[in-house]
Amino acid sequence: MDSRLIKHSLRPAVMQPLNAYKGLRLDSASTFGGCRSFRMDGGCWKLAVALMLLLLGAAHAEGQLSWRMEDFIRAVQQVEDAGGASQPGAVLRTLRRAAGLGDAVVQHFLGNAESRAPGLTSDLSDYVRTAVHHRVTEAAREEGVVLTPDGSTVALAPLLLGLEAGFRARTPGRTRGLLQLTLAKDLGVALSAASSASTPLASDGCWDNRTAPRVFTLSHPGAPLTAAQVNGAMDGVVLGTRVSGGSAGSARLSSLLTEYYCHRLDGTGMDGAPRFISRRRRENFKALAPPPVLTRLAVKAEELRRRLGGRSAMEAAEKRRLAAAVKEGMKEFVHVFMNCPPIVSRCSWGAAPYRGTPTQLSLPLSYLFIHHTASPSQPCLSFEQCAANMRSMQRFHQEDNGWDDIGYSFVAGSDGNIYEGRGWNWQGAHTSGYNSVGYGVSFIGDYTSRLPTQSAMALVRDQLAACAVAAGRLKSSYMLRGHRQMGSTTCPGDAFYQEIRRWDHFGVNGYG
Ligand SMILES: [Zn+2]
C-alpha cells in the first residue's frame, strides 16, 4: 500500500483521468476533485450519452470503474437523460429499483419502487446496483460506498433513501421516516447487538488508491456500523430535509449532488461557504437530529424492523434492555460523529509508513501546543490540496530532517478537516523538550501577519480539544500554549500568537 502511495505523492497535482473515461471530453470533471457539472448542447450530448453508456458498461465489465462520487453523479445524469423523466423523485425511484433497495422497512416508508420507474439499459442498471448495494465482504471490503471530493467516504443507499423521503414530503421538514430510513435503522441494529469494548461502534477504512479508488478495506471489520454508513446517513438526513416540501425547486438530482459534494471553497475557506455542502454534514446533522431524538428513533426503528420481520412484539423487559443498550451505545456515536471534528486518517491522505518504532504517549497529556506550518505558507482549501501538503511535510520531516514521521500530532486544514499526523497515541516531534507531555497541532499556512480562518480555529479550539478531553487524552485542566513559549521560534506567527492568547486554557505560567 505505502510504496504505491509514496509514488502518488510525487505525481503532479493534476491527476490523470480514469482509463474508463479516456477519450471523453467532458469538461474537467475527470480530474480528481473536479466534480464540475457539465451540460452539452445540440446533438453532441446524444453521442456522448451513447459513448458514456458504452464505456460505463465496458469499464464495469473490466472492473475498471472507480468509486468516486463524481462517477456516481455522472451515472445519475445518465439516468436522468435516458429515462425520460428527470424529476428527482422519479429518478430516485428508478435508482432504488435498479439498486434493489426494497427491504420491509424501505417499503413501509417509501412504497414499492417497481411501478412508475422507467427502464434503464442493463449496463447502467448493473452499475447502479453495484454502486448502491451496501455490504461488507468476508475480506473486510466495504461495497456500496464512494469517495467524495471532501475526502470522506459515503454509503450511497442511506443517502438516496433520505433524498427520496425528502422529495416525497409535501411540507418542508415533515419527512416521514427520514431518520429511520437513513440512520436509525442501522443504529438500532448496531447498538442492540452485543459488542466488545475493544471494537469501535463504527469502522472507517482505507481506499486502495485515492485517484482511482476501487477497493475500500475496513480497519475494524468486526464493528457493527461503518463510518461510510454514518456519513451517507447524515447526508441523507441533511439533503432530505433540505429538499422536503419542494424547497429545492425544480433542480435535478445530479445538480443537487454536485452542489452538495463538489463545492469549491474560495479564499475565505469554510467561513464563506454555503450552508448545504458535504463539509458541513456534522453541524447540519447535529441541528436536525439531537441525540435524544436519535436514541428514541433507533429504539423505534429496531421495534419496527422486528415487527415487519414477522416477529412478535417485544415484551416490556426486552424493550427496556434494548433502550438501555441503545442509550449507552449512543454515547460513543455522539462523541465520534457529533462532538469530534472530522479527522482524515493517515491512509486517506496517503501517509508513508512510520520509520522505526514509535514511542507511546502516557495519557492524559497536560499540554496542547499550537503551531503554524510557515511552509506551506498558503492555507489549503481542498482535501486534495491539504492531503498533498501533508505528504510533502511528511517527506520533508522524514527525508530532510531525518525524523521518523511527520512531526505534528494533528494538522488543521482550511477545508473543514483535521488531518491525523502522529495521532492520539504516539509521541510527536513538534515542540522540542516537551513532546512527551503535549499534543502539537499545526495550522497549514503562515500566520505571521494574518489569521487562519475562523472555522479552522474553531475546529481546533472548540472541537478537537473538547474531543481529546472527553476521550481522556487531554486533561480537563490542560494548558494551551504557542510553540514560541517553549523554545526559540516565532511559531505560530505574530498574528496567530496574539489570537491564541485570548483562548480558553491559554497559559503563561512556567512549565511544570
Ligand atoms: Zn512550531
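How many of the 17 residues of H9 are buried? The answer is 17 of 17, so to speak a helix that is mostly covered. Keep in mind that this is a predicted model. The protein chain has 512 residues, and 49% of them are buried. Here's a quick tour of a few helices.

**The chain overall**
- You'll find 17 helices and 14 strands in the protein chain.
- Take the contacts between residues at least 6 apart in sequence: 74% of them join residues at least 24 apart.

**Helix H9**
- H9 covers residues 227–243, and at 1.5 Å a residue its 17 residues should span 24 Å.
- Its end C-alpha atoms are 24 Å apart, which agrees with that expectation.
- After H9 comes glycine 245, which has a positive phi, near 65°.

**Helix H10**
- H10 runs over residues 253–261, and because 7 of its 9 residues are buried, the rest of the structure largely encloses it.
- The buried ones are Leu253, Ser254, Leu256, Leu257, Thr258, Tyr260 and Tyr261.

**Where H4 meets H6**
- Helix H4 (residues 88–99) packs against helix H6 (residues 122–132) at an angle of about 80°, and their axes are 8 Å apart.
- Angles of 65 to 115 degrees count as roughly perpendicular, so that is how H4 and H6 sit relative to each other.
- On the H4 side, the contact uses Leu95, Ala98 and Ala99; on the H6 side, it uses Ser125, Val128, Arg129 and Val132.
- Sorted by class, this contact has 5 nonpolar, 1 polar and 1 charged residues.

Methods: Residues are numbered from 1 along each chain as its sequence is written. This is a predicted model: local features need pLDDT of at least 70, side-chain atom pairs count only at pLDDT 80 or more; totals for chains, interfaces and linings use all residues. Helices (H or I, at least four residues) and strands (E, at least two) are DSSP runs, numbered from the N terminus. The expected span of a helix is 1.5 Å times one less than its number of residues. A residue is buried if 20 or more other C-beta atoms lie within 10 Å of its own, exposed if 12 or fewer, and partly exposed in between; C-beta atoms are placed from the backbone. Two residues are in contact if their C-beta atoms, placed from the backbone, lie within 7 Å. Axes are lines fitted to C-alpha atoms, for helices over the stretch in contact, and angles run from 0 to 180 degrees between N-to-C directions. Angles under 35 degrees count as roughly parallel, over 145 as roughly antiparallel, 65 to 115 as roughly perpendicular and the rest as oblique. Ala, Val, Leu, Ile, Met, Phe, Trp, Tyr, Cys and Pro count as nonpolar, Asp, Glu, Lys and Arg as charged, and the others, Gly among them, as polar.
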